[in-house]
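Let's take a walk through this fold together.

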Amino acid sequence: MLAAWREAGIEGRVERWDDAAVDWSSYDVVVVRSVWDYVLRRAEFLAWARRVQSVTRLLNPYTVLESNTDKTYLRDLGVPIVPTHWSSRELPDWPEYVVKPSVSGGARDTTRTADRAEAARLAAELEAAGRTPMVQPYLDMVESEGETSLLYFGGRLSHAVRRSPMLAAGATDADNARAQFRTPAPDQVELAEKVLTAIPHVLLYARIDLVRLPDGRPAVIEAELTEPYLYLSHEPGAAARFAAVLRELL
């Protein structure tokens with residue numbers, strides 16, 4: 001990414017978000033990237049983002065980060081999402097369940113189980129810890145078709161990839177890091193752009209993760225607007241497109 005920025009005439013460097021020695025006001029813009037530890041320190045991360053936005057431009061903006069770091073935002077998107085039960089009580093009768101907290105990343109604290117009582121117990125444990133549970137059906141299609149991630153820079157589609165399922169039997173960290181270039185179907189692009197239209201903020205980057213439901217309709221798993229892996233090496237020109245959009249916003 002930094003090499004692409006240099007080609008576009010943008011001088012950039014990597015800083016740790018929690019480095020107290022950094023003078024964020026010395027930068028024209030701060031681009032949030034691989035802050036994958038925020039899930040353990042969300043309040044601290046958001047306080048940092050608020051401070052940074054008070055002294056310079058933050059991309060994506062603080063309001064987006066605040067909302068997007070808790071997956072309860074899915075309830076308000078107004079588009080089809082993976083069926084989600086937000087409580088430990090009265091779980092739907094599904095063949096298999098995925099239980100996770102609404103603040104999570106990289107399958108942290110996420111469990112797949114075919115035991116309905118176990119799913120309810122895990123959700124209740126999250127509630128007891130003051131966390132919002134998400135209980136979803138496990139969709140077998142992710143092992144055949146995979147998840148489709150559409151990458152947008154400045155609201156324009158850059159590329160898309162097929163991602164491996166993180167909860168498939170035998171999956172490893174190496175498997176989870178792999179992705180393949182994919183041409184998204186028209187109904188997937190239409191759904192992803194409905195999500196972006198619903199967000200009233202200028203976004204430097206967005207990754208919209210989709211699956212297909214048993215009836216074939218696409219549904220949103222997540223709208224990744226905080227720290228998504230962008231798969232820049234999977235599409236020639238993707239890094240240059242990212243840099244060009246940042247140049248426009250500057």
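Two strands count as paired if DSSP finds at least two bridges between them. The strands themselves (E, at least two residues), like the helices (H or I, at least four residues), are DSSP runs numbered from the N terminus. What you're looking at is a predicted model, where local features need pLDDT of at least 70, side-chain atom pairs count only at pLDDT 80 or more, and totals for chains, interfaces and linings use all residues. Residues are numbered from 1 along each chain as its sequence is written, and side-chain values use heavy atoms, with hydrogens and water left out.

Start with the sheet of 3 strands. It's open, runs in the order β4-β3-β5, and pairs in the antiparallel sense. At its edges sit β4 (111-113) and β5 (133-137), each pairing on one side only. From one strand to the next, the twist averages 20°; for angles, axes are lines fitted to C-alpha atoms (for helices, over the stretch in contact), and values run from 0 to 180 degrees between N-to-C directions. Find β3 (residues 97-101) and you'll see 5 bridges tying it to β5, with Pro-101 partnered by Pro-133 in β5. Helix α4 (residues 116-128) packs on this sheet and touches β3, β4 and β5, its direction making about 5° with that of β3. Contact here means heavy atoms within 4.5 Å.

Now move on to the sheet of 5 strands, also open and antiparallel, with the order β8-β7-β6-β9-β10. Strand β9 (residues 205-212) is joined to β10 by 6 antiparallel bridges, and Asp-209 stands opposite Glu-222 in β10. Lying across β6 (147-153), β7 (156-163) and β9 is helix α8 (residues 238-249), at about 145° to β7.

Finally, there's the second largest pocket, with about 770 Å³ of space. A pocket, on a 1 Å grid over the protein atoms alone, is an open set of points where a 1.4 Å probe fits, with protein on both sides within 12 Å along at least five of seven lines; lining residues have an atom within 4 Å of a point. Of the 26 lining residues, Trp-5, Arg-13, Val-14, Glu-15 and Val-31 are the closest to the pocket's centre.

How values were computed. Points joined across faces, edges and corners; volume = space filled by probe spheres on them.
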